[in-house]
Amino acid sequence: RLYSVPHCIATNSGTAALHVAIASLGVGAGDQVITSPITDMGTLVGILFQGAIPIFADVDPHTYNMDPRSIEMNITPRTKVILAVHLAGNPCDMDAIMALAEERGIKVVEDCAQSYLCAYKGRLAGTIGDFGCFSLNDFKHISAGDGGMVVTRDPELAQQAAYYSDKHYHRDGS
């Protein structure tokens with residue numbers, strides 16, 4: 001309710017939340033995911049577990065967030081996802097990232113492990129892309145000791161995320 005997003009899937013960590021999001025978007029062997037070189041290894045684990053290739057965009061020297069021009073220069077036909085890392089409560093330039101993604105048919109995952117309640121032009125980080133991923137470990141703004149969560153507005157992506165977070169069990173009877 002706090003984020004006004006209809007779907008929230010619990011995971012055992014923020015790293016798992018990112019992995020669930022990447023897997024739910026169909027990222028596989030040889031696909032490319034553009035992300036930030038300034039991040040926690042948890043951002044990369046899901047990409048690597050899926051057999052995909054992390055591509056690092058240059059960062060803006062003032063915000064340390066990915067530079068949209070560098071993202072654009074790194075897009076190839078194998079680019080499947082842009083994984084935007086909102087660092088230290090400072091949101092990425094989501095207008096530019098979403099414009100690139102929509103123009104090229106690329107999905108967007110937001111890593112919000114360091115950016116609870118971080119706003120970008122009146123919208124909360126994690127509610128702009130296809131998935132928002134959060135960490136609940138003991139060093140985060142909101143802690144449950146450990147754990148994570150994935151949020152989305154898309155009911156089909158929410159269903160895929162629920163399957164990936166629970167060994168692909170179909171607990172809904174389907």
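Residues are numbered from 1 along each chain as its sequence is written, and side-chain values use heavy atoms, with hydrogens and water left out. Because the model is predicted, local features need pLDDT of at least 70 and side-chain atom pairs count only at pLDDT 80 or more, whereas totals for chains, interfaces and linings use all residues.

A search of the whole structure finds one aromatic pair, where rings of Phe, Tyr and Trp (its six-membered ring) are paired if their centres lie within 6.5 Å, and planes under 30 degrees apart count as stacked, over 60 as edge-to-face and the rest as tilted. The ring centres of tyrosine 3 and phenylalanine 134 are 5.2 Å apart and the planes stand at 70°, so this pair is edge-to-face. Since tyrosine 3 belongs to the segment before strand 1 (7-11) and phenylalanine 134 to strand 8 (residues 131-135), the pair ties together parts that are 131 residues apart in sequence; helices (H or I, at least four residues) and strands (E, at least two) are DSSP runs, numbered from the N terminus. Both tyrosine 3 and phenylalanine 134 are buried, a term that means under 20% relative accessible area, with exposed over 50% and partly exposed in between (1.4 Å probe, protein chains only).

Helix 1 (residues 14-24) and helix 2 (residues 41-49) have axes that come within 8 Å and cross at roughly 40°, the axes being lines fitted to C-alpha atoms over the stretch in contact and the angles running from 0 to 180 degrees between N-to-C directions. On the side of helix 1 the contact (heavy atoms within 4.5 Å) is made by Thr15, Leu18, His19 and Ile22, and on the side of helix 2 by Gly42, Thr43, Val45, Gly46, Ile47 and Phe49. These residues divide into five nonpolar, five polar and no charged, where Ala, Val, Leu, Ile, Met, Phe, Trp, Tyr, Cys and Pro count as nonpolar, Asp, Glu, Lys and Arg as charged, and the others, Gly among them, as polar.

With a disulfide taken as a pair of cysteine sulfur atoms within 2.5 Å, the count comes to zero. For cysteine 92, the nearest cysteine sulfur is that of cysteine 118, 8.7 Å away, and cysteine 92 is buried at a relative accessible area of 1%. For cysteine 112, the nearest cysteine sulfur is that of cysteine 133, 7.4 Å away, and cysteine 112 is likewise buried, at 0%.

Aspartate 111 lies in strand 5 (residues 107-111) and counts as buried at 6% relative accessibility. Leaving aside residues up to four places away in sequence, aspartate 111 touches Leu18, Thr39, Thr43, Leu83, Ala84, Val85, His86 and Cys133.

Most residues other than glycine have a negative phi. Serine 4, however, has a positive phi near 55°; serine 4 lies in the segment before strand 1 and is exposed, with a relative accessible area of 55%. Alanine 88, with a positive phi near 50°, is placed in the loop between strand 4 (79-85) and helix 4 and is exposed at 65%.
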